[in-house]
Amino acid sequence: MALTGAGISVESGIPPFRGKGGLWEKIDPMEVAHIDAFMDDPARVWKLLIQDMKAVLDKARPNPGHTGLADFEQAGILRTIITQNVDSLHQAAGNNDVIEFHGNFAWQRCLNCDGMIETTRVELDQMPPRCNCGGILRPDCVFFGEMIPQQALARSQQVSAQCDAMLVIGTSATVQPAATMPFIAKDNGAVIIEINREPTPLTQPISDLALMGAAGSVMPRLVRAVSQRRSST
Ligand code: NAD
Ligand code: ZN
């Protein structure tokens, strides 16, 4: 299985949460992406955050990091992806079993009638955007201060406990409870393989193999290496 974070989508033009670049340096996501901030002033959070995310995500396409994971699924090596991302790029790349730990930005939900509308179809001429019923729209993803969807959490714990190996790609492993999944896997005997541009809190204590580099260049090499190894045995 694989656990992915914002880093795998950086080469698709989506800025990560921490580190250099983009949208997240201008605002404090812990404050702006908090459910209390949204409920207090939905128009402000739409203008500061959601509108820009929509512009970036509407255009984003899978990169070789994502397609490498789809190749692994095709080859019968990879079963499940747990992702902290809300960008739907794993599904776009062709993976079929994706647990979205933090929900999905592709849909907006009406606070009044619970109706759903695709994010690409939301008109931004009024702030905050509204449903046909007049209710305010919110992204169908998990804000800070909100619970992880119960089923996503339970299934993530289960697949983490059962896997033989976990590929951990582009996550700073600091956002809980997603960051506990590699520890669950390791405790149950899995091999932990990490791909990141820099060391993380997992690297020293539990990573069996740390492949340092950008996901978009490391993944294709890994896919090639695995396929050569399999064809020679
Ligand atoms: P993070 O932003 O905390 O950390 C990103 C990690 O990716 C860092 O460790 C960084 O070294 C690494 N990285 C950066 N570029 C990389 C590359 N090209 N290849 C490999 N690794 C690279 O990400 P997180 O741990 O996923 O936590 C951030 C939270 O914010 C998540 O919970 C997520 O829901 C949300 N988020 C989602 C998106 C998205 O959907 N694409 C984008 C930003 C933030
Ligand atoms: Zn509505």
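Author: Four donors count as tetrahedral if all angles lie between 85 and 135 degrees, where donors are N, O and S atoms within 2.8 Å of the metal (3.2 Å for Na, K and Ca). The structure above is a predicted model, in which local features need pLDDT of at least 70 and side-chain atom pairs count only at pLDDT 80 or more, while totals for chains, interfaces and linings use all residues. Residues are numbered from 1 along each chain as its sequence is written, ligands are numbered from 1 in the order in which they are written, and side-chain values use heavy atoms, with hydrogens and water left out.

Reader: What makes the site of the zinc ion (ligand 2) tetrahedral?

Author: The angles among the four donor atoms of the zinc ion (ligand 2) run from 101 to 119°, and the definition asks for values between 85 and 135 degrees, so the site is called tetrahedral. For comparison, the ideal angle for four tetrahedral donors is 109.5 degrees.

Reader: Which residues are the protein donors of this zinc ion (ligand 2), and how are they spaced in sequence?

Author: The SG atoms of Cys110, Cys113, Cys131 and Cys133 lie 2.3 Å from the zinc ion (ligand 2), which is within the 2.8 Å limit for donors. Their spacing in sequence is C-x2-C-x17-C-x1-C.

Reader: Why is Cys133 called partly exposed, and why is Thr200 called buried?

Author: Buried means under 20% relative accessible area, exposed means over 50%, and partly exposed is in between (1.4 Å probe, protein chains only). Cys133 has a relative accessibility of 40%, and therefore counts as partly exposed, whereas Thr200 is buried because its relative accessible area is 12%.

Reader: How do you know that the side chain of Thr200 makes a polar contact with that of Glu194?

Author: A polar contact is a pair of N or O atoms within 3.5 Å; within protein, one must be able to donate a hydrogen and the other to accept it, and residues adjacent in sequence count only if both atoms are side-chain atoms. The side chains of Thr200 and Glu194 make such a contact at 2.5 Å.

Reader: Why are strand 1 and strand 2 said to be joined?

Author: Two strands pair if DSSP finds at least two bridges between them, and strands themselves are DSSP runs (E, at least two residues), numbered from the N terminus. Strand 1 (residues 2–4) and strand 2 (residues 81–83) run parallel and are joined by three bridges, so they pair. Within this pair, Leu3 stands opposite Ile82.

Terms used. Tetrahedral: all angles 85-135°; square planar, octahedral: opposite > 155°, others 65-115°. Helix = DSSP H or I, 4+ residues; strand = E, 2+ residues; numbered from the N terminus.
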